Amino acid sequence: MEENSPSTVLEGKITGVSFSLATTQEICLSSISDCPISHASQLSNPFLGLPLEVGKCEACGAAEPGKCEGHFGYIELPVPIYHPSHITELKRILSLICLKCLKFKNKRPQAKNVGVLERAFTSCCEDAAQVTVNEAKTADGACYLELKVPSRSRRDGCWDFLDRYGYHYGDGIARPLLPSEVLIILKKIPDATKKKLAGRGCFFQEGYVMQHLPVPPNCLSTPDVSDGISVMSSDISMTMLKKVLRQVEIIKSSRSGKPNFESLEVEVHDLQAAVAQYLQSRGAKVLYFLHIFLYIIKLIIYL
Ligand SMILES: [Zn+2]
Ligand SMILES: [Zn+2]
């Protein structure tokens, strides 16, 4: 076919560049192997490229330094977590919609002295409209989102409207919102709401809730040093990445059946804290661009 001929070059003009968080699919597609990394010993896998102590890059076959570009891998997270750097944007989006009917909240939060009747006329779902979304942090640094109702409005079953997002939980004035619930909420948001959110400069990105963590190629890591007795790692981000993998292992091995809300909450917090520390150690490096591996640059091409 003519389209496949090497002499046929499609012409196009770059009309823009957009930055966005890598989606689950993009993280897996950019990985050289279909198998996720599940153990610390695989972090310097020969599939992740040169440099290696011995042997060739098992992804491209290169043996000489400079001939291999490096190849990404990924870790599959056993529970979805919030992207630590984007939780504030996520909170903003969730604050603009009614979490019951997923419509855009037309009215600004109302004054304290507004009556129940007036509220019923100005909001879609009177009970859910009073819910606020707050950002909170655990003692070990895991960030999470929490929902709250004013104490005077609390009544039995006030959180029942969240059942359709996976879990029946909570009877107090506050209730944590799990990343897995947010994932379902975001999938259910109707297009009309998305349009209104876009009008307010809010664009939801799938990567705000992380289900996979990219593993950088070997060329972006400082190799471990051995004195013949013990192995020392001078790369703090590698130590942190090993901690993430340990947490993944703990979660997987401690499970028996589908976890309930409370155990899921603990799992999310522990993994969230480990991933946040890892990303922070990457960001703190002089080579700040390393952090970019979580982002995808898309060229918008007009053909
Ligand atoms: Zn290679
Ligand atoms: Zn509503």
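**Close-up 1. The buried residues of helix 4 in this predicted model.** Pro179, Ser180, Glu181, Val182, Leu183, Ile185 and Leu186 are the buried residues of helix 4, where buried means under 20% relative accessible area, exposed over 50% and partly exposed in between (1.4 Å probe, protein chains only). Helices here are DSSP runs of H or I with at least four residues, strands are runs of E with at least two, and both are numbered from the N terminus. Helix 4 is mostly covered, with seven of its ten residues buried. An α-helix has 3.6 residues a turn, so residues three or four places apart point the same way.

**Close-up 2. The largest nonpolar core.** Here we look at a core of 36 residues, in which Tyr82, Leu90 and Leu94 have the most contacts. A nonpolar core is a set of buried Ala, Val, Leu, Ile, Met, Phe, Trp, Tyr and Cys residues joined through side-chain atoms within 4.5 Å. At least two residues of this core come from each of helix 2 (87-96), strand 4 (143-148) and helix 4 (179-188). Helix 2 gives the largest share, five residues. Domain 1 (10-85 + 206-243 + 295-303) and domain 2 (87-204) each provide at least three residues of this core; the domain bounds come from an automatic or database domain assignment.

**Close-up 3. Leu94 and its partners.** Beyond its neighbours within four places in sequence, Leu94 is in contact (heavy atoms within 4.5 Å) with Leu99, Val133, Leu145, Leu177, Val182 and Ile185.

**Close-up 4. Thr88 of helix 2.** The side chains of Thr88 and Glu135 are joined by a polar contact of 3.1 Å. Such a contact is a pair of N or O atoms within 3.5 Å; within protein, one must be able to donate a hydrogen and the other to accept it, and residues adjacent in sequence count only if both atoms are side-chain atoms. Between the C-alpha atoms of Thr88 and Cys143, 55 residues apart along the chain, the separation is 9.9 Å.

**Close-up 5. The site of the zinc ion (ligand 2).** Cys98 (SG), Cys101 (SG), Cys124 (SG) and Cys125 (SG) coordinate the ion at 2.3 Å. Donors are N, O and S atoms within 2.8 Å of the metal (3.2 Å for Na, K and Ca); water is not among the atoms, so sites may look incomplete. Their sequence spacing is C-x2-C-x22-C-C. Cys98 is buried, at 1% relative accessible area, while Cys101 is partly exposed, at 27%.

**Notes.** Residues are numbered from 1 along each chain as its sequence is written, and chains are lettered from A and ligands numbered from 1 in the order in which they are written. In this predicted model, local features need pLDDT of at least 70, side-chain atom pairs count only at pLDDT 80 or more, and totals for chains, interfaces and linings use all residues, while side-chain values use heavy atoms, leaving out hydrogens and water.
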